[in-house]
Amino acid sequence: MRLYPLRKGAYTVSSPFGAREGGFHYGLDFAAKDGTPFYACQSGTVQYIGKADGYGEWIVVDSDDSEGGGCVEYGHMWDAFATGLKVGSKVKAGQHIGYVGSNGGSTGPHLHITVWERGYGGKRIDPAGWLRGAGHLGEPEAPTATPSKGTIMAVPNPVTRTQISPNRHSGGRDVDWIVIHTQEGSGTARSITDYLCRPAAQVSYNAVCDDRETVLVVPWDQNPWSAMNANNRGDHILMAGSFASWSRNRWLSPDVSDGKNEDLQLTRTAALVAWRCAVRNIPIRYVGGKGMPKTPGVCGHVDFGQWGGGHTDPGPNFPWDELIRRAISIYNGGKDWLAMATMAEVEALIYKCLKTYVGPIGSDVKDIRQQITGGRDSGQYPGFEQGGSRTLYDLTAAVAEKQGVPNTRDTLEEK
Ligand SMILES: [Zn+2]
Ligand SMILES: [Zn+2]
């Protein structure tokens with residue numbers, strides 16, 4: 001965990017790392033009002049504190065590898081001991097450790113930080129790069145679920161078919177990411193799998209899915225040929241018949257008149273993400289969009305840059321928030337879907353269920369009845385996973401209960 005040393009809005013960056021006035025500025029300056037509290041960027045141990053040349057006073061916090069590694073100097077405060085720290089004190093990321101001052105070689109109140117890559121006295125690196133992707137104190141964290149051992153059985157394996165490609169190699173697998181790819185073509189899971197199984201194609205993914213099937217193509221303990229140097233660092237998932245140029249609306253379109261329910265494909269992909277994260281003990285969180293990911297999670301092919309082959313899929317409009325939300329929901333057995341859903345989403349789901357099941361075949365009518373009531377005998381029909389495996393009947397009652405509508409379930413039963 002890494003944070004900016006000041007609250008959002010409390011500072012402006014006044015001097016970057018780099019050449020400055022005939023010398024070199026080995027840190028990053030945050031201009032802020034005199035007396036503004038600042039916070040530890042990373043957990044660690046106070047290595048030096050007190051008077052220091054140029055700074056007036058400083059605090060140096062060293063972090064071991066489990067805390068993120070490296071070492072951070074904080075400088076220019078009037079009193080480095082203001083929050084009661086001393087050499088050897090442990091500090092947590094985000095802990096208040098001092099107040100901005102203008103002590104020593106300073107032209108106005110600011111906090112200077114220097115980041116040593118591997119401990120004090122080694123190499124100083126650009127703190128802006130080191131802080132890339134870091135949050136600010138008090139910001140809500142992005143949704144995340146962290147699987148722990150013993151949860152694997154709770155997340156079902158969503159693979160529906162296996163068709164192994166010869167385009168794969170074994171060994172050296174070190175998976176930190178679940179990686180999403182688009183096809184850049186109009187195939188189905190079935191047609192693209194056939195293609196990936198041709199030796200001449202020279203390309204493959206661990207799994208491929210569309211709105212109907214989830215196909216295992218390269219065993220999870222082997223490397224697919226998806227992303228150059230990132231092949232062995234990820235479980236690679238191809239969303240069949242998709243394009244990186246799609247809009248958000250297209251990714252979330254349940255309309256099947258174009259031949260596919262993209263929204264359902266996203267849910268199938270989320271099921272795969274949830275399962276792989278559970279198996280591999282990888283947090284279900286989006287870690288892309290900020291260059292090469294630094295922590296395990298879910299990301300796109302694009303995030304590996306040239307190292308991963310220089311592709312840009314799954315594109316700028318890919319609905320990462322929805323993928324993660326659904327994956328977490330599935331990971332939790334669908335139980336928290338209600339907590340997250342709006343009434344409009346529930347209505348949309350009900351509409352979708354009905355629309356999906358309306359057809360000329362008589363058995364579809366039976367499906368509708370079963371979906372609504374759970375079947376002639378209670379528990380016969382499991383219900384939709386998006387609704388926590390509730391039937392529409394139970395889902396509606398549960399939502400109404402959540403919204404504080406009294407006795408809705410009873411009212412429904414009378415009807
Ligand atoms: Zn500075
Ligand atoms: Zn790709």
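The protein chain exposes about 19,800 Å², of which carbon and sulfur atoms supply 53%; accessible areas come from the Shrake-Rupley method with a 1.4 Å probe, and for residues only the protein chains shown count as cover. This is a predicted model, in which local features need pLDDT of at least 70, side-chain atom pairs count only at pLDDT 80 or more, and totals for chains, interfaces and linings use all residues. Residues are numbered from 1 along each chain as its sequence is written, chains are lettered from A and ligands numbered from 1 in the order in which they are written, and side-chain values use heavy atoms, with hydrogens and water left out.

The protein chain has 415 residues, and 50% of them are buried (under 20% relative accessible area, with exposed over 50% and partly exposed in between; 1.4 Å probe, protein chains only). It contains 10 helices and 20 strands, which are DSSP runs numbered from the N terminus (helices, H or I, at least four residues; strands, E, at least two).

| Ion | Donors | Distances |
|---|---|---|
| zinc ion (ligand 1) | His25 (NE2), Asp29 (OD), His112 (ND1) | 1.9 to 2.1 Å |
| zinc ion (ligand 2) | His181 (ND1), His301 (ND1), Asp313 (OD) | 2.0 to 2.2 Å |

For ligand 2, the spacing along the chain is H-x119-H-x11-D. Histidine 301 and aspartate 313 both lie in the loop between E20 and H5, so the pair ties together parts 12 residues apart in sequence. Histidine 301 is buried at 1% relative accessibility, and aspartate 313 is buried with a relative accessible area of 7%.

An open sheet of 6 strands runs in the order E13-E17-E16-E19-E15-E20, with mixed pairing; two strands pair if DSSP finds at least two bridges between them. Strands E13 (161-162) and E20 (297-300) stand at the edges with a single partner strand each, so one side of each has no neighbour in the sheet. E13 pairs with strand E17 (residues 214-216) in the parallel sense over 2 bridges, and threonine 162 stands opposite leucine 216 in E17.

Definitions and conventions:
Donors = N, O, S within 2.8 Å, 3.2 Å for Na, K, Ca; no water.
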